[in-house]
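Morning, everyone. I have one structure to walk through today. Please bring it up on your screens.

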Amino acid sequence: MSGIFEYNGGSIVGMKGKNCIAMACDRRFGQQMSTITTNYQKVFKIQDNILLALSGLNSDIHTFYALMEKEINLYNLKENRKMKPTTFANLVASALYERRFGPFFVTPIVAGLENGKPILATYDSIGCKSDLDDFQVGGTGGNYIYGACEAFFKPDLSPEELEEVIGQSLVSGCDRDSLSGWGGVVYVLTEQKLTVKILKTKQT
Amino acid sequence: MIDFDPSTFGLAHTYQKEDKDEINTLALPSAPQVIYKTLNGPTQISGGNKLNNFKHGTTTLGFVFKEGILLAVDSRASMGSFLSSEQVRKVIEINEYLLGTMAGGAADCQYWLAYLANHCRTYELKNGSKLSVAAASKFLQGILIGYRNSGLSMGCMIAGTDTTGQHLYYIDNDGMRLKGDIFSVGSGSTYAYGVLDNHYRYDLSLDEAVELGIRAIYHATHRDTASGGVVRVYHIHQDGWTKVHDGIDVVDLHYRFAQQKGLVGDGDEAKQRLF
């Protein structure tokens, strides 16, 4: 269990549905084999129509989120308008590459709704953006969640179905990873509202 | 892979012949020098285990009380961070009066405890009486000392009953053998000790002891990532051993204990913001 990305552990997943997007994350904050708290926030609401999920080193999760908060606040003040999700997705990539030789140890997922159309982008830790897939994962439990996603996912799911599918994928995936779990949160974003649901998972 | 330098075998004493530049044909050949290499204790023998170098991803515990001995174990097996199984049996039933717990290398524990079982049965047939717990644990210790430095990984407890009562021993791959009243072994042992030491008394009743064992294992599984699955509980008494619980899911225990305290159990009592 060596490696800077495995130090804190944690998993995130994002999915596209029909005019909606969903993000889910586990809630564990640990230090290698020891669990410190079970309520750590890993998905952040950047704007009413943009969610940012971060996995990796918890210190950089917090720092990178604070940096993105600052960027979007300045953008709102300077341009006097909201930022489009595709613009924010690009901003994340640039911000990561700015630290090319001393990177943030995070793997972000950006999800948003632009004119009703779902946007989902994922990055490696130095800013390679990939926005073509219908679902993306990140974190130590990512590979296990991929398997569950492939099994459960269908295109154009409704918000309720999407919430169910993403919740199941997260829980099944985290059950096989000892560094992720200890609770789960699912965020479903539609044009009208953002619903947040806490999942009852294994606490072990 | 372990790199073996053949010169490390037989570490107790080594000798080096000094190469002399000229050969003094008149003098007797010098006797070989005997050099005793001092070992800095168990840490050096087992390859330098740093404080957090837990190869044993598990939590097992055992304690002696007035009704006999209670053993409680978890059931998780992990390969790095991947959970390979949540249903492992970490208590090995050596025979009807001896139990062994598994921590460390599963193959090592399974094989050598089965070997011990064979030895106990052979002794019983040859001598007409059962092998004592002290002798059985000593036999296992002898095997493990023979394999010291060869990479075996075992941290097991031998618990059983014989004509002198119920006894609990801790045996590990360094060749350590300790008789004691309370042991917890594995990466989650520190968490289990916290609960165990808080509530242990010799005069616990059987139900209280079972509850204590279950709670201690549960708390270890909650905090330690390498422990989890189900709790299995065994009780050793003068007539042998009984399996008290074959597998209580720690997830159920978590929510049951939370409910007893009047909480939900999602770990978010402070209600942090979620977005």
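Let me start at the contact between the chains. Which side chains of the two chains meet in a salt bridge there? They are Glu86(B) and Lys202(A), at 2.3 Å from N to O. Keep in mind that this is a predicted model. The rule finds one salt bridge across the interface of chain B and chain A. Which elements of chain B give two or more residues to the side that touches chain A? They are β6 (82–85), α5 (206–223) and α6 (250–260) of chain B.

Now the rest of that interface. Chain B puts 32 residues into the contact, and chain A puts in 32 residues as well. Together the two chains bury about 2700 Å². Of that area, 50% lies on carbon and sulfur atoms. The polar side is there too: 13 residue pairs are in polar contact across the interface, with both residues at pLDDT 80 or more.

Next, the salt bridges inside the chains. Over all chains, the structure holds 16 salt bridges.

Start in chain A. Lys129(A) bridges to Asp131(A), with the closest N and O atoms 3.5 Å apart. Buried means under 20% relative accessible area and exposed means over 50%. Lys129(A) sits at 33%, so it counts as partly exposed. Asp131(A), at 34%, counts as partly exposed too.

Lys197(A) has 41%, so it counts as partly exposed.

Arg232(B) bridges to Asp246(B), the closest N and O atoms being 3.9 Å apart. Here the link runs from strand β13 (residues 230–237) to strand β14 (residues 240–249), 14 residues apart. Arg232(B) is buried, because its relative accessible area is 4%. Asp246(B) is partly exposed at 37%. There is more to this one. Arg89(B), Arg232(B), Lys243(B) and Asp246(B) are joined into one network by salt bridges that share partners.

Last topic: a sheet in chain B. What is the strand order? The order is β7-β8-β9-β10-β11, five strands in an open sheet with antiparallel pairing.

β7(B) and β8(B), residues 98–101, pair over four bridges in the antiparallel sense. Within that pairing, Glu93(B) stands opposite Leu99(B).

Two helices of chain B pack on this sheet. Helix α2(B), residues 106–127, touches β7, β8 and β9 (155–162) of chain B. Its direction makes about 15° with that of β7(B). Helix α3(B), residues 133–146, touches β8, β9, β10 (165–172) and β11 of chain B. The direction of α3(B) makes about 10° with that of β10(B).

That's my tour. Over to you.

How values were computed: Residues numbered from 1 in each chain as written. Chains lettered and ligands numbered in written order. Predicted model: local features only at pLDDT ≥ 70, side-chain atom pairs only at ≥ 80, totals over all residues. Heavy atoms only, no water. Pairing = 2+ DSSP bridges. Contact = heavy atoms within 4.5 Å. Axes fitted to C-alpha atoms, helices over the stretch in contact; angles between N-to-C directions. Salt bridge = Lys/Arg side-chain N within 4 Å of Asp/Glu carboxyl O. Buried < 20%, exposed > 50% of the residue type's maximum accessible area, 1.4 Å probe, protein only. Buried area = accessible area lost by both parts, 1.4 Å probe. Polar contact = N/O pair within 3.5 Å; in protein donor to acceptor, adjacent residues only side chain to side chain.
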